[in-house]
Amino acid sequence: NNWENQPPTLGQDVGIFKKYGIVVDASGSAGAGETLQAVISGSADLGGGVGVAGAMRAFSKGAPVRILLPAFTGTGDLYWYVRADSPIKTLKDATAQNTIAYSTSGSSSNNIVVAFQQELGLKAKATATGGPPGTFTQVMTGQIDIGWAAPPFALKEIREGKIRIIARGSDVPSLHGQTVRVIIVNANALAEKKDAILRFAAGYREAADWMYADPKALAMYAEKIRQPIDILQESLKEFHPQSAMQTERMADLDGAVADAVKLKFLDAPLTKEQLAEFLQIPPK
């Protein structure tokens with residue numbers, strides 16, 4: 001239910017996809033690892049919110065995965081937090097006896113935690129905890145020391161002083177300005193349903209633009225996730241600038257490939273030929 005993942009559902013609700021002759025059948029997952037598997041198996045044509053490094057890894061191993069659209073550029077939206085009574089004030093306070101959460105293997109939260117370890121010297125043990133609600137329960141019950149989330153999840157609890165943010169994805173220097181999450185498409189579906197998928201891409205882009213142009217979008221989102229609209233307005237301003245949801249190009253693609261190698265998602269950089277096959281982004 002992240003704001004960035006709303007173009008297909010809000011766009012459907014407001015009638016944008018109908019203009020393109022598309023009906024979107026949307027399902028949720030506990031993280032990008034599950035989403036990748038659904039697309040690889042062909043049980044889903046498209047997947048949203050997938051980390052670039054995880055998609056590259058799947059593609060490099062022969063999975064029928066292609067990038068259809070950039071979905072989010074930058075990493076300032078994801079944050080890591082502790083209980084208010086935790087002795088951990090910053091990532092530097094965490095020891096090898098502590099645990100830090102990410103959603104699933106191949107997700108951008110996974111990528112960022114690995115970068116915390118390699119670039120910022122984090123010593124805590126990385127642990128897959130699934131989505132933000134399950135992670136929050138594990139943090140509050142003491143099973144996990146450092147949880148992860150994406151706004152607007154748990155902003156209310158931050159306001160109330162129940163949890164404290166200790167790190168954000170933007171703390172990793174190498175990920176600044178890089179497209180980190182994408183819309184992926186099953187390669188076989190793209191070949192067999194190309195016209196429909198290109199119409200989906202056009203509808204997605206229109207929906208993403210509409211979400212920032214029409215106040216109705218935020219009101220619909222607030223009702224959908226049952227959150228106060230003032231919290232969501234703050235969240236949008238701080239965590240989700242419109243520029244982060246550009247859908248035209250993979251920002252800092254060379255950096256993304258280099259980071260995927262450095263963080264051991266790839267054994268070797270993808271070649272120009274591989275990237276030409278991997279990236280199927282239609283012109284806007």
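How many cavities of 30 Å³ or more does a search of the whole structure find? The search finds 1.

## Basis of the model

This is a predicted model, in which local features need pLDDT of at least 70 and side-chain atom pairs count only at pLDDT 80 or more, while totals for chains, interfaces and linings use all residues. Residues are numbered from 1 along each chain as its sequence is written, and side-chain values use heavy atoms, with hydrogens and water left out.

## The largest cavity

The largest cavity holds about 50 Å³ of space. A cavity is a set of points, on a 1 Å grid over the protein atoms alone, where a 1.4 Å probe fits but cannot get out; the volume is the space filled by probe spheres set on the points, which are joined across faces, edges and corners.

Its lining (residues with an atom within 4 Å of a point) consists of V52, A53, N111, Q178, T179, V180, A256, D259 and A260. Helix 4 (52-60), strand 8 (179-186) and helix 12 (253-262) each contribute at least two lining residues, and helix 12 gives the most, with 3. Helices (H or I, at least four residues) and strands (E, at least two) are DSSP runs, numbered from the N terminus.

## Packing of helices 1 and 10

Helix 1 (residues 7-14) packs against helix 10 (residues 215-225) at an angle of about 110°, and their axes are 11 Å apart. Axes are lines fitted to C-alpha atoms over the stretch in contact, and angles run from 0 to 180 degrees between N-to-C directions. Helix 1 is therefore roughly perpendicular to helix 10 (65 to 115 degrees).

In this contact (heavy atoms within 4.5 Å), T9, L10, D13 and V14 of helix 1 meet K216, A217, M220, Y221 and K224 of helix 10.

Conventions. On a 1 Å grid over the protein atoms alone, a cavity is a set of points where a 1.4 Å probe fits but cannot get out, and a pocket is an open set with protein on both sides within 12 Å along at least five of seven lines; lining residues have an atom within 4 Å of a point. Angles under 35 degrees count as roughly parallel, over 145 as roughly antiparallel, 65 to 115 as roughly perpendicular and the rest as oblique.
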